[in-house]
Amino acid sequence: MIGQLEQLLGQLDELRERAIAELGPITLLSDLDEWDIRYLGRNKGELKNLSAIMPKLSKEERPVVGQRINAVKSELERQLSAKRENLKQQEMIAALEQERIDVTLPGRALPVGHMHPISRTIREVTQIFERMGFSVVQGREVETDYYNFQALNVPADHPARDMQDTFWVNPGQILLRTHTSPMQVRTMKETEPPVRVVVPGKVYRNEAVDATHEAMFHQIEGLLVDEYCTMADLKGCLERFAQELFGIDTKIRFRGSYFPFTEPSAEVDVTCSSCHGEGCRVCKYSGWLEVLGAGMVHPKLLREVGYDPTKYRGFAFGMGVERIAMLKYGLGEIRLFSGNDLRFLRQF
Ligand code: 2NL
């Protein structure tokens, strides 16, 4: 019997040594699981197999062997979990090493957009006037008949008031503004002179669309009201504007005209920036381009907004942004601006 006990303890020692020796070189977690099953498996594990002899042992032998089995078992379990931790750690290090990223590499360039040529023109024009002391204000696009027509001295029989030419929201009352002037009227009603504002924005006209006309386009209007203000001030202001926009050599000229809201009124031409006044296709061989309408604010308007027309004078002007942009970029087709064709837009 002593021999059998010693043999058993020897087998346990041998199993322990062998298991530990085999554990050392293991590098894969899957191999570790196999090792676990082979030595510690509940079913056919080698330690389990040796424990099967227990019932055949004597009462005195049993605790000795039992203790030794438990000692081997817990030692192997401890080594197994240590090894498992170790392998997990190594796998993580290997993964990190493989997935290493170079944070100093330049990033992937994202496509960058840019301003629409109309927005660019609006910015350019308003900035010129801002440098002359004007403020930029914007108004609503849906307006009342009063602010768009009545307050501006637009007579009932004026073509602009024709039901056909205006987009009515509520016929006779609410409309899409046909010019940005309603905002100047609102500004004057809200503030005392001096007033110096430029108003850019969308305007709407129910017109037949062609290469130079659209139903929605952009306008910039300017207004100055002060105690001392003459036609010469208007001319100097617009000359300066034309020279900043089209070049320092640009000359301007006034031609008498008519607007219901100004008296006197003028069409303003600038020397053709394409041919410098020589005559070319752009200016139809006249050397001049019509770019603005302007005039002295009608006294009726000043009275309408609560200003004393014997004390205050004003000048005002208006221009179509699309027309300015077409001249600046040499375009013959207004619809390109609203077409959203990237082949066109990318050229700016
Ligand atoms: C043009 C002509 C013009 C005005 C706009 C204006 C506004 C007020 C008072 C007086 Cl509140 N005038 N605006 C004056 C003259 C001409 O625009 O051809 N625009 C494209």
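In the predicted model, the side chain of Glu 221 places an N or O atom 2.7 Å from a nitrogen atom of the ligand. Taken on its own, the ligand has 480 Å² of accessible area, of which the protein covers 89%.

The shell around the ligand comprises 17 residues, and those that come nearest are Gln 184, Glu 221, Gly 293, Ala 316 and Gly 318. By residue class, the shell divides into nine nonpolar residues, seven polar residues and one charged residue. At least two shell residues are supplied by each of four elements, namely the helix α7 (181–190) and the strands β6 (216–226), β9 (288–297) and β10 (313–320); of the contributions to the shell, that of β10 is the greatest, amounting to five residues.

The side chain of Asp 341 is joined to that of Arg 343 by a polar contact of 2.7 Å. Asp 341 is classed as partly exposed because its relative accessibility is 30%, a value that falls between the limits of 20% for buried and 50% for exposed residues.

How values were computed: Residues are numbered from 1 along each chain as its sequence is written. This is a predicted model: local features need pLDDT of at least 70, side-chain atom pairs count only at pLDDT 80 or more; totals for chains, interfaces and linings use all residues. Side-chain values use heavy atoms; hydrogens and water are left out. A residue is near a molecule or strand if one of its heavy atoms lies within 4 Å of it. A polar contact is a pair of N or O atoms within 3.5 Å; within protein, one must be able to donate a hydrogen and the other to accept it, and residues adjacent in sequence count only if both atoms are side-chain atoms. Accessible areas come from the Shrake-Rupley method with a 1.4 Å probe; for residues, only the protein chains shown count as cover. Ala, Val, Leu, Ile, Met, Phe, Trp, Tyr, Cys and Pro count as nonpolar, Asp, Glu, Lys and Arg as charged, and the others, Gly among them, as polar. Buried means under 20% relative accessible area, exposed over 50%, partly exposed in between (1.4 Å probe, protein chains only).
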